[in-house]
Amino acid sequence: MRIRGGTKRNPGRRTDGGRLAAIARMMGTPLIPWQRYVADVACEIDPDTGSFYYDTVVVSTPRQCGKSALVDGSDTYNASLGRRRRIAYAAQTGKDAEKHFKDFVQQLSKSKLAPFALKPRLSNGGMEQRFGNGSFICPLAVTKVAGHGTQMDKFTIDEAFSLDDETG
């Protein structure tokens, strides 16, 4: 595979990319080669700590290339990593985040992972998808105050290029 830019995979480190790929497949969106490559790099494990080698992953793609499928698989994979994990999906507006979240919930409800998902909360300002292990995924708007004081284990920020100094 030819890589235009970005971090090259370190074959000396174990990766959990296969587990992320399996979750994406169970959600009905198997990863295409570039997504699988990103998953393998992003999920490299630090041999000294046993946790992820990279704490920040940036993916830049044109529209309609499959970023949402990778994000949803990654967030769901992250929710599976332990009990009571908190994952937030942030977009440039609350409306954008909620639309993406509702699409995710609908896809999840039709997937092989549906038995592990509890009934989602879809009320404005309190949306979340909980799982049997106590983990949850919720949408957030990117604003000056969104996420401040909120303890999350993982933040996914869609279209981060749109952030300014106050919201970023």
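D103 is partly exposed, at 38% relative accessibility. In this predicted model, the D103 side chain meets that of K99 in a salt bridge, 2.9 Å from N to O. K99 is exposed, with a relative accessible area of 54%.

**Salt bridges**

The structure holds seven salt bridges. Three of them are tabulated here.

| Pair | N to O distance |
|---|---|
| E44 and R13 | 2.7 Å |
| D103 and K99 | 2.9 Å |
| E128 and R121 | 3.7 Å |

E44 and R13 are both buried. E44 lies in the loop between α2 and α3, and R13 in the segment before α1, so their bridge ties together parts that are 31 residues apart in sequence. The pair also belongs to a network: salt bridges link R9, R13 and E44.

E128 counts as buried, because its relative accessibility is 12% and the cut-off for buried is under 20%. R121 is partly exposed at 44%.

**Aromatic pairs and a charge over a ring**

The whole structure contains three aromatic pairs. One joins Y53 and Y54. Their ring centres are 5.0 Å apart and their planes stand at 80°, so the arrangement is edge-to-face. Y53 is partly exposed at 39% relative accessibility. Y54 is partly exposed too, with a relative accessible area of 22%.

What lies over the face of Y53? R13 does, at 3.4 Å from the ring centre.

**The nonpolar core**

Nonpolar side chains tend to be buried together in soluble globular proteins. Here the largest nonpolar core has 22 residues. Those with the most contacts inside this core are L20, L31, F101, F104, L108, F131 and I137. Four helices each supply at least two core residues: α1 (17-26), α2 (33-42), α3 (67-79) and α4 (94-109).

Leaving aside neighbours within four places in sequence, L108 is in contact with L113, A114, A117, Q129 and F131. F131 is itself among the core residues with the most contacts.

Which residues of α2 are buried? They are Q35, V38, A39, D40, V41 and A42. These buried residues pack against α1 and α3.

Notes
Residues numbered from 1 in each chain as written. Predicted model: local features only at pLDDT ≥ 70, side-chain atom pairs only at ≥ 80, totals over all residues. Heavy atoms only, no water. Phe/Tyr/Trp six-rings, centres within 6.5 Å; stacked < 30°, edge-to-face > 60°. Buried < 20%, exposed > 50% of the residue type's maximum accessible area, 1.4 Å probe, protein only. Lys NZ or Arg CZ within 6 Å of the ring centre and 35° of its normal. Core = buried A, V, L, I, M, F, W, Y, C linked by side-chain atoms within 4.5 Å. Contact = heavy atoms within 4.5 Å. Salt bridge = Lys/Arg side-chain N within 4 Å of Asp/Glu carboxyl O.
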